[in-house]
Amino acid sequence: MILVTGGAGFIGANFVLDWLALSDEPVVNVDKLTYAGNLENLSSLQGDARHVFVQADIADGTCISQLLSQYRPRAVLNFAAESHVDRSIHGPEDFIQTNIVGTFRLLEAVRAHWGTLPAPEKHAFRFLHVSTDEVYGSLAADEPAFTETHRYEPNSPYSASKAASDHLVRAYHHTYGLPVLTTNCSNNYGPYHFPEKLIPLMIVNALAGKPLPVYGDGMQVRDWLYVKDHCSAIRRVLQAGQTGEVYNIGGFNEKPNIQIVRSVCVLLDELQPRQDGQPYSVQISYVSDRPGHDRRYAIDARKLEQQLGWRPAETFESGIRKTVQWYLEHPDWVAHVQSGAYREWVQKHYAP
Ligand code: NAD
Ligand code: TYD
């Protein structure tokens with residue numbers, strides 16, 4: 001089996017769902033259930049013995065150690081993190097605690113466990129750390145995309161805390177020989193995305209008749225990847241990646257924010273037009289810029305493509321259509337997230 005941390009969040013939940021749709025290898029899912037953790041994302045796995053959910057903090061070394069000896073996973077995949085840049089600007093403490101201290105404690109527990117394994121298990125074991133392109137900093141319009149050897153130049157408390165975690169993971173390989181893999185991925189979008197991030201926020205605000213807040217001039221560029229393509233890349237790296245190596249994951253899909261927002265509006269105009277016949281774009285509202293806002297991220301994913309044969313399956317056009325359709329088909333999920341009712345799921349469905 002494998003042990004996944006942060007598997008009730010956006011990417012982690014998509015990963016667990018896809019993993020169990022493709023194989024019968026069980027998953028132990030360790031998640032603290034912060035505001036971003038939502039067990040409703042995994043409601044289709046209710047009663048499925050292949051999914052073991054444990055509410056715990058990755059910084060709880062005793063608990064993690066106990067889970068490792070109980071389940072003896074062949075791999076640990078670390079998705080758990082505080083992930084929202086704007087929140088990191090308003091309150092960096094949790095980012096330091098989870099992304100840095102939490103990753104450190106997790107690494108310590110994994111290192112101790114790995115040291116006790118018999119040779120074949122020890123050899124096959126993997127620790128895969130899920131990270132972000134934001135650790136590389138911001139690019140000018142004419143600069144080449146980030147490769148794996150780009151300097152680390154994080155600019156927000158979020159990206160600085162992720163950068164620190166990446167360095168710890170690297171150090172555990174170089175110092176202790178821990179068989180680690182690190183992936184640095186660009187911006188994801190897709191089902192179960194918490195509506196504080198750009199794409200889901202625009203969809204839910206548009207449908208609610210609220211303003212669509214575009215920071216600054218809206219010309220900041222991100223490289224967008226459909227979440228299921230991120231999950232397939234992680235599976236591929238876990239399967240065939242070289243330990244100690246870093247793999248960049250991207251969508252070959254750079255777009256300025258305003259273009260993303262306009263694409264969402266156009267799709268909604270088609271799929272669920274406003275009752276007054278006006279286009280959703282009338283709701284676009286330019287607001288003050290994010291402090292220290294990175295201008296451009298772009299990922300060069302050719303290493304992953306050339307060495308491990310991975311390519312994204314979705315174009316931006318196909319992925320964004322699926323995403324908008326998913327939000328239109330899941331009004332209850334959106335309503336529970338907005339009302340906070342999703343946080344009661346754990347009491348209702350997992351109470352002893
Ligand atoms: P998310 O915020 O949606 O989910 C994070 C999950 O981690 C939540 O379920 C939360 O409850 C859990 N968690 C937080 N602190 C924890 C702790 N101390 N112990 C255990 N669980 C904890 O984030 P996401 O968008 O799914 O991102 C997952 C990972 O992918 C993160 O490491 C993030 O840095 C990375 N990443 C995200 C993106 C993106 O576009 N969302 C892109 C590249 C990399
Ligand atoms: P976000 O989804 O928060 O991801 P990240 O900051 O990790 O890239 O934001 C994506 C881009 O969209 C980023 O340039 C900030 C911008 N943005 C807005 O313009 N308005 C918004 O309301 C949000 C949440 C983000």
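The legends below describe several close-up views of one predicted model. Residues are numbered from 1 along each chain as its sequence is written, while chains are lettered from A and ligands numbered from 1 in the order in which they are written. In this predicted model local features need pLDDT of at least 70, side-chain atom pairs count only at pLDDT 80 or more, and totals for chains, interfaces and linings use all residues, with side-chain values resting on heavy atoms and leaving out hydrogens and water.

**View 1. Helix α4 (residues 93–116) beside helix α6 (residues 157–176).** The axes of α4 and α6 come within 8 Å and cross at roughly 15°, where axes are lines fitted to C-alpha atoms, for helices over the stretch in contact, and angles run from 0 to 180 degrees between N-to-C directions. Helices (H or I, at least four residues) and strands (E, at least two) are DSSP runs, numbered from the N terminus. The two helices α4 and α6 are therefore roughly parallel to each other, a term for angles under 35 degrees, with over 145 counting as roughly antiparallel, 65 to 115 as roughly perpendicular and the rest as oblique. Residues of α4 including F95, F104 and W114 meet residues of α6, among them Y158, L168 and Y176, contact meaning heavy atoms within 4.5 Å. By class, this contact of α4 with α6 has 12 nonpolar, four polar and three charged residues; Ala, Val, Leu, Ile, Met, Phe, Trp, Tyr, Cys and Pro count as nonpolar, Asp, Glu, Lys and Arg as charged, and the others, Gly among them, as polar.

**View 2. Helix α1 (residues 10–22) and helix α8 (residues 227–240).** The axes of α1 and α8 lie 9 Å apart, and the helices pack at an angle of about 65°. On the α1 side the contact is made by F10, I11, N14, F15, D18, W19 and L22, and on the α8 side by V227, K228, H230, C231, I234, R235 and L238. Sorted by class, the contact of α1 with α8 has nine nonpolar, two polar and three charged residues. L20, also found in α1, is buried, with a relative accessible area of 5%, where buried means under 20% relative accessible area, exposed over 50% and partly exposed in between (1.4 Å probe, protein chains only). Leaving aside residues up to four places away in sequence, L20 touches E25, V27, L45, R50 and H51.

**View 3. Helix α7 (residues 198–207) and its covered residues.** Helix α7 is mostly covered, since seven of its 10 residues are buried, namely I199, P200, M202, I203, V204, N205 and A206. These buried residues pack against strands β7 (187–189), β8 (212–215) and β9 (221–226), and also against helices α9 (257–271), α11 (316–329) and α12 (331–339). Just after α7, G209 takes a positive phi of about 75°.

**View 4. The loop around N253.** N253 has its place in the loop between β10 (246–249) and β11 (254–256), and at 11% relative accessibility N253 counts as buried. Not counting residues up to four places away in sequence, N253 touches R222, D223, W224, T315 and F316.

View 5. The structure holds zero disulfides, a disulfide being a pair of cysteine sulfur atoms within 2.5 Å. For C185 the closest cysteine sulfur, in C231, is 9.3 Å from its own sulfur, too far for a bond. At 3% relative accessibility C185 counts as buried, and C63 also counts as buried, at 18% relative accessibility.
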